[in-house]
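Colleague: I am new to this structure and would like to learn how to read it. Could you take me through some of the features?

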Amino acid sequence: MTTTAIETSVDSSRALHSVARKTKIVGSALVGPALILVVAINVLPAFYGFYLSLRQVFFFADEGYVGLQNYVDLFRDPFAWQAIGRSLVFTFGSLAIAVPLALVSAMGIRRLGNWGSILLTVLLVPWAMSPIVVALLWKWILVPSPGGLVGAIFAASGVPPQDLLTDPVLAMPTLILIGVWRNFAFAAIILTGGLGQIPRDLYKAAAVDGLGAWEAFRKITLPLLAPSLLIVISMLTISYFNEVQTIIGLTGGGPIRQTTTLGYLLYHTGFVELDQGRGNAIAIVMFMINMLLIALYIKILGKQPGAAA
Amino acid sequence: MKTGTRTWLVLGCLLAALVALGPIVWAFSTSLKPTNRIFQVPPELIPSVSTLDHYARLISEGVHWAFLNSGLYAVMAVLVALTLGTVAGYSLARYPIPGKQLVLVLFVGAMAVPGFAVLLPTQLLFVNMGLYNTYIALPLLYAGHILPFAVWVTRSHFSTIPRELEQAAQIDGYSRFEAVWKVVLPGAKPALLAAATFGFLHSWNDYVTATTMVDTPGLRTLPVALIFFQGFHGRDWGALMAGVIIATIPPVVMFLLFRKYLIGGFADGSVKG
């Protein structure tokens, strides 16, 4: 802290300072290109979308500033509210099936050891496929004829062939099941990893204390798995909420708008009807709902004791 | 009790495997049947008469060009994302960077927000910039989509490699670049393969970006070409299922070859995130 000490170290500290500055410059230069591309592709369009949502844009022609008119029109449109409702049904319906299924699979996979990792691989094959190709495939599986796969199963059990995808009541559950078929195994990867981190000793101790399998699951597995479950639920919520490709391929939003989710409405309004001002308003609303859902889940699961243990 | 549980477990697994793979096997079976036997009742799982006509028909319709486009776009996107991503991941693990925390949050955020949410403004941006309907539109977008994941897995990996390793190489007379290229990078193979596999799957499997960003038939990807084929030829299920099979083989083979790294990459990322 004395003046002499400072004076003698000035030269070396200056040299050190210039080296530090140089490494900072080199570091930034190395991150720069990746950062620019990510910002240009993922961030910039969001701001541009917000800007466009305040303007009337139709068929690629910008017809000027309209303030919040696109949003006002959107929220006055009963079809938009219906689409939000359909999105919630699709998202939570899929979650309600996919998460328990992934959890059961993960527990089975861990118990089976090497065979378990083979099973995980098999279950992941549909996830590795293109969603639109999955849609084509299932359209054929579900073809309403005794020559189709599901038609043949129906015929064998005495039910006449039904077109599940054009039935107003059954179309949505069918879409949900296909969505779950496609990607629930992705959740199983993360849950299998999470289960592997729970110390086996805890289960032994629980057995000594006389806890049954169900109680051990409820008191050990579930709370300790909470962080992984949070990740899985958040990821699947985002994935299902933004699902659009299987809907385009399977139902095209029909029958009578029964499968028109917000994502499909965005696709239809923005890319088919080319009402791009309003389409961008939907995109911004979707973006906000995504953020809200993530925050909500973090809050719910953060309150559980698992995080502390 | 114990053997009973085991039996149920095995039965459950078999059922799960059947549900996962059955539809794909059925599609393959359909793609080999002559058109007049496709709707045969009761359906045959193993075709008694088989033909490659449906595959030949896809080629006569030029679908193989779309296959080639899909492959080229995916490879270009992966190369760009891996190059930029590895450099950025290394730099984030080793260098002091102003606002590093913010940069990391940005990459993680970009990973979480789905591309579809910003697809519409992106289309308008590309139209205004003259990038719409060009050969680089899709590789550029896919590279941007997979780059955050590439940065994330490589950074996580480089953080676990001790600095002493490359310092020792530098003492031996290597330049820093040589030290990284010859000593650090070969060890990062799992992270690079995880990013490459994820990137290939993302790019190859996309439909909605491809159908909204290019228009010319010569620029189409395989999924887009199949949907157009369906539009023109209605329900030619034999040819369509042949299309499903050729669209499924590359990503599934890629996934099967590198599943270890891919699954490891997701598990790592999630534990740390």
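This is a predicted model: local features need pLDDT of at least 70, side-chain atom pairs count only at pLDDT 80 or more; totals for chains, interfaces and linings use all residues.

Colleague: Into which domains is chain B divided?

Modeller: Domain bounds come from an automatic or database domain assignment. Here chain B has domain 1 (1-51) and domain 2 (60-272). Their C-alpha centres are 33 Å apart. Domain 1 of chain B gives 7 residues to the contact and domain 2 of chain B gives 6, where contact means heavy atoms within 4.5 Å.

Colleague: At what angle do α6(B) and α9(B) pack?

Modeller: Helices (H or I, at least four residues) are DSSP runs, numbered from the N terminus. Axes are lines fitted to C-alpha atoms over the stretch in contact, and angles run from 0 to 180 degrees between N-to-C directions. For helix α6 (residues 137-160) of chain B and helix α9 (residues 189-205) of chain B the angle is about 160 degrees, and the axes are 9 Å apart. An angle under 35 degrees counts as roughly parallel, over 145 as roughly antiparallel, 65 to 115 as roughly perpendicular, and the rest as oblique. The pair α6(B) and α9(B) is therefore roughly antiparallel.

Colleague: Which residues make that contact?

Modeller: Among them are Y142(B), F149(B) and H157(B) of α6(B), and L192(B), F198(B) and S203(B) of α9(B). By class, the contact of α6(B) with α9(B) has 10 nonpolar, 6 polar and no charged residues. Ala, Val, Leu, Ile, Met, Phe, Trp, Tyr, Cys and Pro count as nonpolar, Asp, Glu, Lys and Arg as charged, and the others, Gly among them, as polar.

Colleague: How do α7(B) and α8(B) lie to each other?

Modeller: Helix α7 (residues 163-171) of chain B and helix α8 (residues 176-187) of chain B cross at roughly 125 degrees, their axes coming within 9 Å. They are therefore oblique to each other. On the α7(B) side the contact is made by L165(B), E166(B), A169(B) and Q170(B), which meet R176(B), A179(B), V180(B), V183(B) and V184(B) in α8(B). These residues divide into 6 nonpolar, 1 polar and 2 charged.

Colleague: Is F177(B) buried or exposed?

Modeller: Buried means under 20% relative accessible area, exposed over 50%, and partly exposed in between (1.4 Å probe, protein chains only). F177(B), in helix α8 of chain B, counts as exposed because its relative accessibility is 60%.

Colleague: How many residues of α11(A) are buried?

Modeller: In helix α11 (residues 262-272) of chain A, 9 of the 11 residues are buried, including Y264(A), L266(A) and F271(A). T261(A), in the loop between α10 (245-250) and α11 of chain A, is buried too, with a relative accessible area of 2%. Leaving aside neighbours within four places in sequence, the contacts of T261(A) include R86(A), F90(A) and E243(A).

Colleague: At what angle do α11(A) and α5(B) pack?

Modeller: The angle between α11(A) and helix α5 (residues 119-129) of chain B is about 15 degrees, with the axes 10 Å apart. That makes α11(A) roughly parallel to α5(B). The contact joins L266(A), G270(A) and F271(A) of α11(A) to L119(B), L120(B) and Q123(B) of α5(B).

Technical notes: Residues are numbered from 1 along each chain as its sequence is written. Chains are lettered from A and ligands numbered from 1 in the order in which they are written. Side-chain values use heavy atoms; hydrogens and water are left out. Helices (H or I, at least four residues) and strands (E, at least two) are DSSP runs, numbered from the N terminus.
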